[in-house]
Amino acid sequence: MAHSCLSTNSPSLSTLNTRFSSIDSVPTSISSWCWRVKCGGGRSGRRRWVAVRAEGGGAVKEEAEKEGGVRGGGCLVNQEDDLPLPSSPYLPAYAETLGPSPLAYARLQSTISELFQYRIIRCGGPVDDGMANIIVAQLLYLDAIDPTKDIVMYINSPGGSVTAGMAIYDTMRHIRPDVSTVCIGLAASMAAFLLGAGTKGKRYSLPNSRIMIHQPMGDVQGSLMEQEVQRNEILHHRANLCGYLAYFTGQSIRKIDINTGLDFFMSSAEAKDYGLIDDVLVNPKQALSPLATAISDAPS
């Protein structure tokens with residue numbers, strides 16, 4: 001748990017909640033307070049702190065080994081060594097210790113919210129119940145706001161839960177607006193199913209995207225009777241998905257069944273020939289009329 005000690009000269013809490021990852025990011029307008037951040041520790045068993053003070057447009061950095069309280073006024077940001085923190089070879093040690101910047105996370109959420117105002121939603125990451133609940137809520141909301149304007153869904157996902165994906169698909173069919181799907185990066189497994197589930201004539205992919213379809217997979221555990229029940233459920237999902245994919249693509253169910261026996265990767269052009277998408281977007285101004293409509297309706 002993070003602990004903060006503030007002096008009477010400290011700035012507002014919203015300012016103090018921002019964690020600086022380098023000396024260069026310290027605001028030069030601050031002249032009467034210290035910022036002390038844990039930038040090491042955990043690995044060596046010692047807690048190292050960096051005190052940063054901005055005075056007269058320049059930053060002064062002091063390093064000290066933390067054993068007790070904080071010297072002087074300022075802010076202390078402390079994280080317990082046993083907290084689970086992300087680890088990556090592409091991040092410096094201080095970034096792994098401090099975690100993601102709250103400011104960067106807030107900016108990401110702000111960008112997603114701004115895109116949502118233009119009826120653009122994203123299906124990014126594994127398809128699970130959490131993602132499905134969010135996308136379903138967004139689709140229902142946009143349908144209630146204006147049922148006459150299209151919705152654009154950008155997909156970059158390795159796939160995931162079949163039931164979660166079917167919840168999104170049923171909602172796409174339930175609402176009144178057309179849902180245009182666009183693949184960016186990767187649309188695999190259930191994500192490829194959602195890509196093909198878009199309104200026919202409005203399913204797109206960027207040139208270097210990859211699309212992959214395959215049969216449902218799952219772990220079969222328990223007694224012999226329980227395993228039989230689970231196998232039947234997997235076979236049900238496979239037959240159901242093959243039928244829908246045949247409808248999306250115009251291919252025969254037999255061909256879909258053969259192609260989904262193993263991982264079947266396609267480029268954007270191959271997916272277009274297969275019938276899973278309708279066009280490959282090369283020119284940003286091509287298609288995607290809902291975005292142009294939203295921008296034209298925005299106040300000047």
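The model described here is a predicted one, and it holds nine aromatic pairs. One of these pairs, formed by Tyr-169 and Phe-248, is described in detail below.

**Asp-143 and its surroundings**
- When its neighbours within four places in sequence are left aside, Asp-143 is in contact with Ile-175, Arg-176 and Pro-177.

**The pair of Tyr-169 and Phe-248**
- The rings of Tyr-169 and Phe-248 are arranged edge-to-face, at 5.8 Å centre to centre and with 70° between the planes.
- This pair links distant parts of the chain, because Tyr-169 belongs to helix α5 (residues 162-174) while Phe-248 belongs to helix α7 (residues 224-249), and the two residues are 79 residues apart.
- Tyr-169 is buried, with a relative accessible area of 3%, and Phe-248 likewise counts as buried, at 5% relative accessibility.

**The aromatic cluster and a charge over a ring**
- Tyr-169 and Phe-248 also belong to one aromatic cluster, which is formed by these two residues together with Phe-193, Tyr-244 and Tyr-247.
- Tyr-247, a member of that cluster, has the charged end of Lys-200 sitting over its ring, 4.4 Å from the ring centre.

Notes:
Residues are numbered from 1 along each chain as its sequence is written. This is a predicted model: local features need pLDDT of at least 70, side-chain atom pairs count only at pLDDT 80 or more; totals for chains, interfaces and linings use all residues. Side-chain values use heavy atoms; hydrogens and water are left out. Rings of Phe, Tyr and Trp (its six-membered ring) pair if their centres lie within 6.5 Å; planes under 30 degrees apart count as stacked, over 60 as edge-to-face and the rest as tilted. Helices (H or I, at least four residues) and strands (E, at least two) are DSSP runs, numbered from the N terminus. Buried means under 20% relative accessible area, exposed over 50%, partly exposed in between (1.4 Å probe, protein chains only). A charge sits over a ring if NZ of Lys or CZ of Arg is within 6 Å of the ring centre and within 35 degrees of the ring normal. Contact means heavy atoms within 4.5 Å.
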